Amino acid sequence: MKNFLNIFKFRNKKSKRKRAKSPSKGGTILDTNPPFAVIEAYKTLRYNIRFVLSTKNKNSFAISSTNVGDGKSTTIANIAILLAQANSRVILIDMDLRRPSQHRMFKINNKVGVSNIIGEKKSLQSAIHKDIIPGLDVLTAGTISPNPSEMVSSDKAKEIVKWAEENYDYVLIDAPPVNIVSDVLALANMTAGILFVVRVGSTHKDELKKAIEEIKFVNMELLGVILNSADSDASKRQKIKSGYGYGYSNKYKYSGKYSYEYAADETENQ
């Protein structure tokens with residue numbers, strides 16, 4: 001299966017680093033007035049995803065990145081919106097249990113979600129936020145857990161994804177960055193594959209290579225790569241610049257005490 005590539009130009013160069021410093025607090029196409037070209041790019045991506053999944057025996061896929069700040073959560077939220085707007089039943093599941101963001105993206109409560117279903121045996125169906133827009137449901141990550149890797153790789157997580165596949169046309173999973181934690185690799189046997197979001201001026205080409213090697217090692221299929229924040233200059237679109245990309249993971253310390261406390265504070269404020 002050939003990989004596919006879509007180019008997005010959301011922000012100019014001056015705003016790139018500023019956006020990457022803080023979590024999203026509602027940045028979907030429902031909250032903004034994106035240019036026509038951005039909407040058309042997402043529609044093309046929607047078409048490609050539908051085509052690729054039509055050749056698979058699963059209707060679910062994960063989306064990830066190499067590091068924090070590449071725009072994976074915003075991208076998958078917008079894909080979910082566009083799929084729902086095409087009269088499909090869609091569920092977006094936030095399985096980034098260390099640093100969740102979909103509750104902020106859609107401005108919904110995160111007190112009960114994936115972690116609570118797995119760890120506290122909360123009801124799956126009652127935890128789902130129904131009809132964010134017609135056709136789109138969202139299952140948030142839930143309260144922060146000290147053992148997210150074990151949760152994502154658990155049998156209960158597999159049951160959640162399987163149930164979603166049986167009840168929705170498309171199941172989208174927001175997964176952690178591959179090069180920071182191994183959680184996303186646990187999704188290898190649960191989904192049709194993975195999409196990568198890489199960010200111009202941020203993603204290091206060697207980091208992307210490492211991430212691809214990781215998913216191939218666990219026999220997870222790479223469905224495609226999405227280039228985010230591309231410059232309008234066609235010559236610059238072809239490059240993923242070197243020299244950036246390491247600061248985000250070091251700053252946020254994706255695994256460890258700082259990440260746990262930060263995410264816990266965010267959850268309590270919802």
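## Opening question

Against which strands do the buried residues of α9 pack? The buried residues of α9 pack against β7 (194-199) and β8 (222-228).

## The model and its terms

This is a predicted model, in which local features need pLDDT of at least 70 and side-chain atom pairs count only at pLDDT 80 or more, while totals for chains, interfaces and linings use all residues. Residues are numbered from 1 along each chain as its sequence is written, and side-chain values use heavy atoms, with hydrogens and water left out.

## The chain as a whole

The protein chain has 12 helices and 8 strands. Helices (H or I, at least four residues) and strands (E, at least two) are DSSP runs, numbered from the N terminus. Of the chain's 270 residues, 56% count as buried. Buried means under 20% relative accessible area and exposed over 50%, with partly exposed in between (1.4 Å probe, protein chains only).

Contact means heavy atoms within 4.5 Å. Among contacts between residues at least 6 apart in sequence, 84% join residues at least 24 apart.

## Helix α9

Helix α9 covers residues 205-217. At 1.5 Å a residue, its 13 residues should span 18 Å, and its end C-alpha atoms are 18 Å apart, which agrees. The expected span is 1.5 Å times one less than the number of residues.

Its buried residues are Glu207, Leu208, Ala211, Ile212 and Ile215. Seen down the axis of α9, they fall within an arc of 135 degrees, so they line one face of the helix. The arc is that of the directions from the helix axis to the C-beta atoms. On the other side of α9, Lys209, Lys216 and Phe217 are exposed. Just after α9, Asn219 takes a positive phi of about 60 degrees.

## Helix α8

The buried residues of α8 (residues 155-167) are Ala157, Ile160, Val161, Ala164 and Glu165. They cover an arc of only 130 degrees around the axis, which puts them on the same side of α8. The face turned away from this buried side carries the exposed residues Asp155, Lys162 and Glu166.

## The nonpolar cores

A nonpolar core is a set of buried Ala, Val, Leu, Ile, Met, Phe, Trp, Tyr and Cys residues joined through side-chain atoms within 4.5 Å. The largest has 41 residues, and those with the most contacts inside it are Ile93, Leu139, Leu187 and Phe196. A second, separate core of 32 residues includes Ala77, Leu82, Ile108 and Ala192.

Leaving aside neighbours within four places in sequence, the residues in contact with Ile93 include Leu139, and also Ile160 and Ala164. Ile160 and Ala164 are among the buried residues of α8.
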